[in-house]
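Me: I am new to this structure and want to find my way around it. Can we go through it in short questions?

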Amino acid sequence: MRIKVAASSLSADCICLADDVKRVENAGADLIHVDVMDGHFVPNITIGPLVVRSLRKVTKLPLDVHLMIENPDKYVQGFVEAGSDMITMHIETIDADNFIKISKDLKIKKVLAGVSLNPDTDLEKIKPVLSDVDFVLVMSVFPGFGGQEFIPESVEKIKQLRSIFKGDISVDGGINDKTAKQVIAAGANILAAGSYIFGAKDVKQAIERIRHGN
Ligand code: DX5
Ligand code: ZN
């Protein structure tokens with residue numbers, strides 16, 4: 001599987017967001033990972049559909065929208081209309097039946113559907129929705145902030161997931177050249193990274209290091 005690198009806009013400079021997004025696009029990022037936080041599901045607040053709509057105009061890259069919000073069912077449509085290409089909802093925030101209903105609707109609208117789970121959520125919890133998602137986003141930190149340390153137990157979780165799921169496996173949190181190598185070996189193929197990419201002197205090199213896991 002080709003490894004894709006998703007640059008997380010959480011670590012970009014909000015005032016110069018367009019420039020930062022173009023910078024990572026030119027440096028070879030495959031996706032723009034957009035972190036949406038509501039101050040309820042996670043202890044931080046970021047952005048909403050308005051910013052996604054503006055981002056849509058400044059990059060050709062797919063927008064990988066990670067919803068870390070309660071009641072995502074109320075807001076998904078707004079993010080679809082704003083131009084999201086991929087939408088991830090957390091299994092902790094929605095029941096399986098509702099999740100499946102939304103995934104089917106996303107498919108009709110040609111938006112990829114993903115399910116995410118927190119580090120302390122068991123894989124069992126996502127099993128009922130697995131056949132309805134295009135990808136799973138494994139959180140390798142507790143969501144809310146960039147720049148946290150990778151939780152090593154995530155590697156085993158990815159391995160177990162890979163043994164039962166053939167679609168894309170995305171990993172988010174604490175990804176750098178070293179942790180990238182571990183999660184790729186475990187079976188992940190989309191790597192979301194914020195601080196490692198935006199904090200690098202050479203952004204292009206940072207992206208390549210993640211992709212090749214070295
Ligand atoms: C964390 C976010 C991540 C975050 C990753 O809650 O979902 O996408 O931006 O940042 P780093 O790569 O710095 O851990
Ligand atoms: Zn994220």
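Me: How many helices and strands are in the protein?
Reply: The model is predicted, so the elements are those of the prediction. Helices and strands both occur in the protein. The count is 8 helices and 8 strands.

Me: What radius of gyration does the protein have, and does it agree or disagree with a compact globule?
Reply: The C-alpha trace spans about 45 × 35 × 30 Å along its principal axes. For 214 residues, a compact globule would have a radius near 17 Å. The protein agrees with that, at 16 Å.

Me: Which residues have the most contacts inside the largest nonpolar core?
Reply: Buried residues make up 53% of the 214 residues. In soluble globular proteins, nonpolar side chains tend to be buried together. Here the largest nonpolar core has 63 residues. Those with the most contacts inside it are Leu67, Ile126, Val136, Leu161, Ile175, Ile197 and Ile210.

Me: What does Leu161 touch, beyond residues up to four places away in sequence?
Reply: Leu161 is one of the residues with the most contacts inside the largest core. Leaving out its sequence neighbours, its partners are Leu123, Ile126, Leu130, Val136, Val138 and Ile169.

Me: Which residues are the protein donors of the zinc ion (ligand 2)?
Reply: The donors lie 2.1 to 2.3 Å from the ion. Along the chain they follow the spacing H-x1-D-x30-H-x105-D. They are His33 (NE2), Asp35 (OD), His66 (ND1) and Asp172 (OD).

Me: What geometry does the site of the zinc ion (ligand 2) have?
Reply: Ideal angles for six octahedral donors are 90 or 180 degrees. The site has 6 donor atoms, with angles of 71 to 170° among them. Its geometry is octahedral.

Me: Is Leu63 buried or exposed?
Reply: Leu63 lies in strand E3. Its contacts beyond four places in sequence include Ile32, Val34, Val52 and Leu55. Buried means under 20% relative accessible area. Leu63 has 0%, so it is buried.

Me: Which residues does Thr88 touch, not counting those up to four places away in sequence?
Reply: Thr88 sits in strand E4 (residues 86-90). It is buried, with a relative accessible area of 0%. Its partners are Asp64, Val65, His66, Leu67, Gly114, Val115, Ser116, Phe135 and Leu137.

Me: Where does Asn118 lie, and is it buried or exposed?
Reply: Asn118 is in the loop between strand E5 (112-117) and strand E6 (135-139). Beyond its sequence neighbours, its contacts include Phe41, His90 and Glu92. At 10% relative accessibility, Asn118 counts as buried.

Me: What is the relative accessibility of Val203?
Reply: Val203 is part of helix H8 (residues 203-212). Further along the sequence than four places, it touches Arg23, Val24, Ala27 and Ile197. Val203 counts as buried, at 7%.

Me: What is phi of Asn71 near?
Reply: Most residues other than glycine have a negative phi. Asn71 is found in the loop between E3 and helix H3 (76-81). It is partly exposed, at 39% relative accessible area. Its phi is positive, near 50°.

Me: Is Lys110 buried or exposed?
Reply: Lys110 is in the loop between helix H4 (96-108) and E5. Its phi is also a positive value, near 60°. Exposed means over 50% relative accessible area. Lys110 has 73%, so it is exposed.

Conventions: Residues are numbered from 1 along each chain as its sequence is written. Chains are lettered from A and ligands numbered from 1 in the order in which they are written. This is a predicted model: local features need pLDDT of at least 70, side-chain atom pairs count only at pLDDT 80 or more; totals for chains, interfaces and linings use all residues. Side-chain values use heavy atoms; hydrogens and water are left out. Helices (H or I, at least four residues) and strands (E, at least two) are DSSP runs, numbered from the N terminus. Buried means under 20% relative accessible area, exposed over 50%, partly exposed in between (1.4 Å probe, protein chains only). Contact means heavy atoms within 4.5 Å. Donors are N, O and S atoms within 2.8 Å of the metal (3.2 Å for Na, K and Ca); water is not among the atoms, so sites may look incomplete. Four donors count as tetrahedral if all angles lie between 85 and 135 degrees; four count as square planar and six as octahedral if opposite donors are over 155 degrees apart and all others between 65 and 115; anything else is irregular. The radius of gyration is taken over C-alpha atoms; the globule rule is 2.2 Å times the number of residues to the power 0.38. A nonpolar core is a set of buried Ala, Val, Leu, Ile, Met, Phe, Trp, Tyr and Cys residues joined through side-chain atoms within 4.5 Å.
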